[in-house]
Amino acid sequence: MKNMKSCMCRFLLSALVLLFVILLSGCWDRREVNDVALVLASGIDKEGDGIRISVLIPLPGNMGGATGGGGGSGGKKPFVIKEETGSSIREAVAKLQRGLPRKLFLGHRRVLLIGEEYARSGVDQMIDAVTRMPENRLTVFVAVTKGKAIDVLNANTRLERFSAEAIREILQSDSSLRVTLKDVAGQAITTGSDAYLPYVQLKETSLARQQAEDITVSGYALTHNSKMTAIAKGGASVGIRLLSGKFKPYILTLKGKNGGNTTLGITSAIVRIKPIIKNGKPSFQINVHSKSSIEEDMNIQRNYDDIGQRIEIEQLVEKSMKQDIMKALKLMQESNSDVIGFGQIANRAFPGLWQRTWKHKWDELFPNCSFAVSVDNKLHRIGMTKENLAKKEQ
Amino acid sequence: MPGKGKREEKLDQQTIAHYKEVLIEPSINQNKRMLEEIFRDCSDAVFREFTMENGPDALICYVDGIVLSTAVDEVLKSLMVLQGNAFDIGTIAKNTLPVVQTSTAEQYGELLTAVLSGDSVLLVEGSTLALVLGLRGTEGRTVSEPETETVVRGPREGFNEHLRTNTSLIRTKIKSPRLKMKSFVVGTETKTDVVVSYLAGIADPELVQEIEDRIKRICIDGVLESGYIEELIQDEAYSPFPQIQNTERPDTVAAALLEGRVAIIVNGTPFVLLAPFGFWQWLQASEDYYERFMAGSLLRILRFIFLFIALLTPALYIAATTYHPEMIPTSLLLSIAASREAIPFPAVVEALIMEVAFEGLREAGIRLPRTVGQAVSILGALVVGQAAVQAGIVSAAMVIVVSLTGIASFTLPRYNAAISIRMLRFPLMLLASVFGLLGIVIGVMAFMGHMAKLRSFGVPYLAPVAPISFSDWKDIFIRAPWQKMNRRPSFMNVQDQQRQQDASSIAVDKGDEA
């Protein structure tokens, strides 16, 4: 009995000692939410030889949380932007941290903006700094800004509390293609494909008492070997969107002969890219099957009962889409940016040939590839009326 | 003969066991002196001497208040007025007395036990046997609605403190001679009646034997509530999990008996014990079986979810906000950060303050007289509410977490299980504050390991999930329709598996096809 008791005592004692050992580690990674500075978005700019990073940090105290009302309309901005320069990204972040009472926390960064100047010098170095830290999200949306990234970060959009929120919403909406850091890195490391990033810029609303800055996606930055080489805007950007395979509905306006423009919505498009070998060189057949719907028709005389007129519209849409795709292809070939990954498409179709010859000289092959584009469009919806309601009865 | 030495003089300080060997004297006077000695200073003990018609002297002895005095009067009447000519105990019992329950006692041990239990004892001059008359009648509470286990649909009657009432409530539910009620007396001083009830032919005889053995092994001075028995016969005393169920509802007991479980009814308490008791029974409310099966199943799933909420929410909140802020959606984290901006404490201290305050309020609510309960609930709403937030002591998010946890712990139909969940929340919170999510995983794994090891009267605590037996799963996560539950739970080692004929299910299948 006595023996058992001492045995029990020893067991309890050792359990206690083990407990102390566990507690010795303390609260290792503990950080309270009011001791961290949540970074919602950050920007990277080129600054001389070095780098200027900027971070957007929300101020919970100014957000009018549980106790206040109003929701931060009292003039005080609910966020601050801090910036610092350094010869590398992490160095700049560390220097920035020295001046901050709260620990920078990057786990909630959803937007990473890259200044155009920095993007042109190459984004591959930046990818390392982001991916090496476990805190960072690889699903952060990446975009190239016209001008300085910090200026876009500092935009006062007024619709959202933080510009970061506005940028994030725009980058994942239909007006852009969702491009995350993971996508950029994946495309950048693969031979036979290059990365593309949304190109965002500020647009000022200068209406009296309504001054605001909006952030729009005006095109796509094309890269070659991680260096930004061109910007696809207008028709070329539409072409990139179509070819990228991430179709998002968009609007197309046809110029009418009698001054009556017609606006259509392209509601779906299936793009098939088929590689073929022509004279020993890779060549691509691009077939697009799209559906469109009439959204507005300024031509009062239009009669949708007439199949001829409908076919005419379909053909005009096909022509326009083909032009956009050709523009995009031309821009890509000029800047040698294979952002669609034609090289990889060729690789999948002719793996042997790709491994032996094409892979090593894709940079020379791609600008000389030939493309055959055919678009088939179906007008499948004309809206709730078949003719303009204001049309005079005959 | 009474014990030797010094003790002999103080007969009134002996236990009943002491009188096991003391035989009843043939002389009434001697017996009366003896009894008066034993019951010295017991003003409720009554000794009534009388002479039987045409016969010898007799003495009737009982404890006032626990006998049916009208019936005793009736006995006296028949002895003093209507007595025939037979004077030995056997004939009196057979011919004269209008009493249903009679037995004889030949030594003082039996006699005293009977008297103290509410029986009346008749002693006749010249007889060494005493006649025990079962004329018990205590004042008790009437059968009323059980307060701890209320239902929307289901029987409204509950047990009370009277053993016979309780057994009768079960007997009226199960009218079968297979329903056995084995009687035991536990407690050297209290002599509490304990009844072990089971359905012969269904319950595992080894289980019944084991429970009987454990009850017989109890050697304690008093048993005032079934909780004494529960603690003294449970498998693992140092476990946070209850291994024996208690209930106030006769229908719950009847259902358990039909599943091959054993009920232990203790005199003086409305709480009847049911064993074995496992984890999955925590979530089975009697109403699951009375509502239609879809409602029953959904409510059970809801309870399952709330079990985890009650156990984990504060720990998860602490872990997520202090170690894994990346897990929380950005805008929610910003709201939490905004509400925590002015809070002086770390999340774990904040959580502990609130949880302890809430537990205190709950305890106060139970202990306080009902008339001041209102005041407590008003104060409680202020403490665990807006006032605490506005004072900047706790954050609004924490108030939500604590309230949710509180509500969740009330959804468990078994109060003793809910208490263990409430207890285990605290170590989990501490683990979460030191190790984050890893700590919670460690804690939950430890609890699960302990549960897997635990047994309740030989039945694994997590049965039928671990060890697995799929055929019993019809009444675990869901409550299957009655037509489909043809078998009794096999993990209870029931003797007779068949609950109903399969024919009824065939009829249902035909209905489905139509």
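## Contact between the chains

Chain B gives 22 residues and chain A gives 22 residues to the contact between them, two residues being in contact if their C-beta atoms, placed from the backbone, lie within 7 Å. This is a predicted model, in which local features need pLDDT of at least 70, side-chain atom pairs count only at pLDDT 80 or more, and totals for chains, interfaces and linings use all residues. Residues are numbered from 1 along each chain as its sequence is written, and chains are lettered from A and ligands numbered from 1 in the order in which they are written.

On the side of chain B that touches chain A, two or more residues come from each of α9 (293-322), α10 (330-340), α13 (386-390) and α15 (415-435) of chain B. Helices (H or I, at least four residues) and strands (E, at least two) are DSSP runs, numbered from the N terminus. The largest share of this side, nine residues, belongs to α10(B). Its classes are twelve nonpolar, seven polar and three charged residues. Here Ala, Val, Leu, Ile, Met, Phe, Trp, Tyr, Cys and Pro count as nonpolar, Asp, Glu, Lys and Arg as charged, and the others, Gly among them, as polar.

## Domains of chain B

Chain B is split into domain 1 (5-133), domain 2 (163-277), domain 3 (305-443) and domain 4 (484-513); the bounds come from an automatic or database domain assignment. Between the C-alpha centres of domain 3 of chain B and domain 4 of chain B the distance is 44 Å.

## Strand β9 of chain B

Strand β9 (residues 262-266) of chain B has five of its five residues buried, so this strand is largely enclosed by the rest of the structure. A residue is buried if 20 or more other C-beta atoms lie within 10 Å of its own, exposed if 12 or fewer, and partly exposed in between, with C-beta atoms placed from the backbone. One face of β9(B) carries B:Val262, B:Ile264 and B:Val266, the other B:Ala263 and B:Ile265, and all are buried.

β9(B) pairs with strand β7 (residues 192-199) of chain B in the antiparallel sense over four bridges; strands pair if DSSP finds at least two bridges between them. In β9(B), B:Ala263 stands opposite B:Ser197. Strand β10 (residues 272-275) of chain B also runs antiparallel to β9(B), joined by three bridges, and B:Ala275 of β10(B) stands opposite B:Val262. The two strands β9(B) and β10(B) form a hairpin with five residues between them, and B:Gly268 in the turn has a positive phi of about 95°.

## Helices α11 and α12 of chain B

Helix α11 (residues 347-367) and helix α12 (residues 373-383) of chain B have axes that come within 10 Å and cross at roughly 170°. Axes are lines fitted to C-alpha atoms, for helices over the stretch in contact, and angles run from 0 to 180 degrees between N-to-C directions. α11(B) and α12(B) are therefore roughly antiparallel, the term for angles over 145 degrees. The contact joins B:Ala357, B:Leu361, B:Ala364 and B:Gly365 of α11(B) with B:Gly373, B:Val376, B:Gly380 and B:Val383 of α12(B). By class it has five nonpolar, three polar and no charged residues.

## Chain A

Chain A is assigned domain 1 (32-65 + 73-225) and domain 2 (235-394), with 32 Å between their C-alpha centres. Their contact takes 16 residues from domain 1 of chain A and 19 residues from domain 2 of chain A.

In helix α6 (residues 163-171) of chain A, eight of the nine residues are buried, so this helix is largely enclosed by the rest of the structure.

Terms used: Parallel < 35°, antiparallel > 145°, perpendicular 65-115°, else oblique.
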